[in-house]
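This report describes the strand, helix and core arrangement of the model shown below.

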Amino acid sequence: MTPPTRPLRLDGSGRTDRAMAALTGVVALYRRLSGVSGRRRPPVVAVDRDLPLVVDEVRTEADGVAGLRLVHERGEPLPRWRPGAHIDLSPRPGLVRQYSLCGDPDDRSAYRVGVRLLGEGSTAVHALKKGARITARGPRNAFPFVASPAYLFIAGGIGITPILPMVRQAAAAGADWRLVYTGRDEASMPFQEELSEFGDRVWIRPDTDYGIPASGAELLEGAPEGAPIYCCGPVPMIVGVRTDAALRASGPVFFERFSTPPIVGGKPFRVELARSGRILDVPADRTTLDVLRETVPGIAYSCRQGFCGTCELPTVTGDRVRVCVEREPVTLDL
């Protein structure tokens, strides 16, 4: 026979009522403690990611190439970085450009960059003197250096800047490595004196002595089998290296370019500016940024490759797009 079920008592008597009272007390205590905790919680402080730097030294590294040594304006250690990293430099308000760090990653007292005189950003950097203050952000790394027993490095002109610390790290690790360093002529190729300590591991290959490389295959000669290839320089050189590396038993190709990537298979489209009501036609071989710069003066941009975010603009839907790589119709909140 099943015993009768005893009803729950909610009128202040019985075990269930005592449990409910205890639970109510716990909730009340939690609320009081939450209030105290909330009053004592420090306010949220916005993170300032700007680095206030001072130009400590300016030197000529080659024809048209200035080398800058940058230190923290308060003498503080700078953020750590690894070979392949770059920083955003703002030599004047509204102007931001990326430059590879080419110094010693273990030296946190200073950053070093090499800047070729080419375009608005580099002109402003070249105008800086010792003692000038400059704002930076970063470092960031879109060209990471992986551990390997062997490497082939290929640099074209100012493309030596991210490669230089990689070479030093490979040498320090005892890796088997080679560097092919190309350029218009020796006078325009920076950091040759520093590279001379590595002897015949470095092939200085100016076009004036060897001619413009006919293909990537020429630059890949002597590469350790299966070794990763690090390549930085002009777009045609990078394309040639990647094409010919795929045809042989080469390792993976890691590359970074300093110019806008070519548009392949593009189609024309339209961009609408919501506030002005203007409709802009973007041709198949151009970017939204190219056309906007002709219509809306002062559009900020930097890398033109889609990773820095400087050219990000709002759309009417609340999203944001990077107009240097945007290839679809969009309505901007402009």
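How many strands form the open sheet with antiparallel pairing, and in what order? Six strands form this sheet, in the order E4-E3-E6-E1-E2-E5.

## Basis of the model

The model is predicted: local features require pLDDT of at least 70, side-chain atom pairs count only at pLDDT 80 or more, and totals for chains, interfaces and linings use all residues. Residues are numbered from 1 along each chain as its sequence is written, and side-chain values use heavy atoms, with hydrogens and water left out.

## The antiparallel sheet

Two strands are taken to pair if DSSP finds at least two bridges between them; helices (H or I, at least four residues) and strands (E, at least two) are DSSP runs, numbered from the N terminus.

Strand E1 (residues 51-62) and strand E2 (residues 65-72) run antiparallel and are joined by eight bridges. Val58 stands opposite Leu68 in E2.

## The parallel sheet and its helices

Five strands form an open sheet with parallel pairing, in the order E9-E8-E7-E10-E11. Its edge strands, E9 (202-206) and E11 (253-257), each pair on one side only. Here the twist averages 10° from one strand to the next. Strand E10 (residues 229-233) is joined to E11 by five bridges, and Cys231 stands opposite Phe255 in E11.

Helix H3 (residues 160-172) packs on this sheet, touching E7 (150-156), E8 (176-183), E10 and E11; contact means heavy atoms within 4.5 Å. The direction of H3 makes about 155° with that of E7. Helix H7 (residues 235-245) also packs on the sheet, and its direction makes about 155° with that of E10.

## Nonpolar cores

A nonpolar core is a set of buried Ala, Val, Leu, Ile, Met, Phe, Trp, Tyr and Cys residues joined through side-chain atoms within 4.5 Å. The largest has 23 residues, of which Phe153, Ile163, Trp177, Leu179 and Leu195 touch the most other members. E7, H3, E8 and E10 each supply at least two residues of this core, and H3 gives the most, with six. Apart from it lies another core of 20 residues, among them Leu53, Leu101, Leu128 and Ile134.

Definitions and conventions
Axes are lines fitted to C-alpha atoms, for helices over the stretch in contact, and angles run from 0 to 180 degrees between N-to-C directions. Buried means under 20% relative accessible area, exposed over 50%, partly exposed in between (1.4 Å probe, protein chains only).
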